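Please read the points below with the model open beside them.

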Amino acid sequence: MKPRILLIDGHSLAYRAFYALPLENFTTSTGQHTNAIYGFASMLLNLIRDEKPTHIAAAFDVSRKTFRSEAFPEYKAN
């Protein structure tokens, strides 16, 4: 089988998951929201099932300046 990598923009997937699922249906008994983690895991499992990668990597941007913003000032402009 030929190697196949699945690259994930972690923040984007978590953001989508948070807003895709209603808060009132995904909370713990103490009121902590769990919709983002549930949605993230669900979407990740669907991607693995559908794409059948041999490797997976998820990247999460940090809030400080990085080489990307120095190399390309318009990075994360919006």
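1. The protein exposes about 6,500 Å², of which carbon and sulfur atoms supply 58%; accessible areas come from the Shrake-Rupley method with a 1.4 Å probe, and for residues only the protein chains shown count as cover. This is a predicted model, in which local features need pLDDT of at least 70 and side-chain atom pairs count only at pLDDT 80 or more, while totals for chains, interfaces and linings use all residues. Residues are numbered from 1 along each chain as its sequence is written, and side-chain values use heavy atoms, with hydrogens and water left out.

2. Three helices and two strands are present, in the order β-α-α-β-α from the N terminus on; helices (H or I, at least four residues) and strands (E, at least two) are DSSP runs, numbered from the N terminus. The radius of gyration is 16 Å, well over the 12 Å that the globule rule gives for 78 residues, so the protein is more spread out than a compact globule (the radius is taken over C-alpha atoms, and the rule is 2.2 Å times the number of residues to the power 0.38). Along its principal axes the C-alpha trace spans about 45 × 40 × 15 Å.

3. Buried residues make up 14% of the 78 residues, where buried means under 20% relative accessible area, exposed over 50%, and partly exposed in between (1.4 Å probe, protein chains only).

4. The structure holds four aromatic pairs. In one of them, the rings of Tyr-15 and Tyr-19 have their centres 4.9 Å apart and their planes at 55°, so this pair is tilted; rings of Phe, Tyr and Trp (its six-membered ring) pair if their centres lie within 6.5 Å, and planes under 30 degrees apart count as stacked, over 60 as edge-to-face and the rest as tilted. Both tyrosines lie in helix H1, four residues apart, about one turn of the helix, and both are exposed. Phe-40 and Phe-60, by contrast, form a stacked pair, 6.5 Å centre to centre with 25° between the planes. Phe-40 lies in helix H2 (residues 35-51) and Phe-60 in the loop between S2 and helix H3 (67-71), so the pair ties together parts that are 20 residues apart in sequence. Phe-40 is buried at 16% relative accessible area, whereas Phe-60, at 46%, counts as partly exposed.

5. Tyr-15, Phe-18 and Tyr-19 form one aromatic cluster.
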